[in-house]
Amino acid sequence: MAQALTVLTTTDSAAKAEELARGAVEARLAACAQISAPVTSVYRWKHEVETAEEWQVLFKTTQACYAALESHLVAAHDYETPEIIATPVVAGSAAYLAWIDAETTAP
């Protein structure tokens, strides 16, 4: 079974979050994506501290799909420097992890 990952990004609207999620799942770059919102982000950008309302998108994918998912997110995202953070899944339900693997493999 492939190494599972969760990949996090954020965007500034529910519509954009759904577009990122749907595009990745339709392309089989992620088995699913969960959208959480709104979250308040406080960050430093271009020498200023900013506060923004954002929507988080958490993708369930595999290590084998990561590079393609990252490329997809960079191309589809409208942020100059989008947050894209991958975290390995160290344990999980065998059936769920198998489902991620199956859904990110071309039919």
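Buried means under 20% relative accessible area, exposed means over 50%, and partly exposed lies in between (1.4 Å probe, protein chains only). In helix 2, the buried residues are C65, Y66, L69 and L73. This is a predicted model, in which local features need pLDDT of at least 70 and side-chain atom pairs count only at pLDDT 80 or more, while totals for chains, interfaces and linings use all residues. Residues are numbered from 1 along each chain as its sequence is written, and side-chain values use heavy atoms, with hydrogens and water left out. Helices (H or I, at least four residues) and strands (E, at least two) are DSSP runs, numbered from the N terminus. Contact means heavy atoms within 4.5 Å.

**Helix 2**

- Helix 2 covers residues 63–76.
- Its expected span is 1.5 Å times one less than its number of residues.
- For the 14 residues of helix 2 that gives 20 Å, and the end C-alpha atoms are 20 Å apart, which agrees.
- An α-helix has 3.6 residues a turn, so residues three or four places apart point the same way.
- The cover over the buried residues of helix 2 includes strand 1, helix 1, strand 3 and strand 4 (85–88).

**Where helix 1 meets helix 2**

- The axes of helix 1 (residues 14–26) and helix 2 come within 11 Å and cross at roughly 145°.
- Here axes are lines fitted to C-alpha atoms, for helices over the stretch in contact, and angles run from 0 to 180 degrees between N-to-C directions.
- The crossing is right-handed.
- A crossing is right-handed if the near helix is turned clockwise from the far one by less than a right angle, and left-handed if anticlockwise.
- Helix 1 brings L20, G23 and A24 to the contact, and helix 2 brings L69, H72, L73 and A76.
- Five of these residues are nonpolar, two are polar and none is charged.
- In this count Ala, Val, Leu, Ile, Met, Phe, Trp, Tyr, Cys and Pro are nonpolar, Asp, Glu, Lys and Arg are charged, and the others, Gly among them, are polar.

**The nonpolar core**

- A nonpolar core is a set of buried Ala, Val, Leu, Ile, Met, Phe, Trp, Tyr and Cys residues joined through side-chain atoms within 4.5 Å.
- The largest one has 15 residues, and V7, F59, L69 and L73 touch the most other members.
- Strand 1 (4–11), helix 1, strand 3 and helix 2 each give two or more residues to this core.
- Helix 1 gives the most, with four residues.
- Beyond its neighbours within four places in sequence, L69 is in contact with V7, A24, L29, F59 and T61.

- T62 belongs to strand 3 (residues 48–62).
- T62 counts as buried because its relative accessibility is 3%.
- Leaving aside neighbours within four places in sequence, T62 touches A2, Q3, A4, L5, I100, D101 and T104.
- L8 sits in strand 1.
- L8 is partly exposed, since its relative accessible area is 21%.
- Outside four places in sequence, the contacts of L8 are Q56, V57, L58, E83, I84 and I85.
- L8 and E83 are 75 residues apart along the chain, and their C-alpha atoms are separated by 7.2 Å.

- A cis peptide bond joins A37 and P38, with omega at about -20°.
- P38 lies in strand 2 (residues 32–45).
- K46 has a phi near 55°, a positive value in a residue other than glycine.
- K46 is in the loop between strand 2 and strand 3, and it is exposed because its relative accessible area is 54%.
- H47 is not a glycine, yet its phi is positive, at about 70°.
- H47 is found in the loop between strand 2 and strand 3, and with a relative accessible area of 74% it is exposed.

- M1 is in the segment before strand 1.
- At 65% relative accessible area, M1 is exposed.
- M1 and A94 are 93 residues apart along the chain, with C-alpha atoms separated by 9.3 Å.
- Leaving aside neighbours within four places in sequence, M1 is in contact with A94, L97, A98 and D101.
- R28 is in the loop between helix 1 and strand 2, and it is partly exposed at 26% relative accessibility.
- R28 and A68 lie 40 residues apart along the chain, and 10.0 Å separates their C-alpha atoms.
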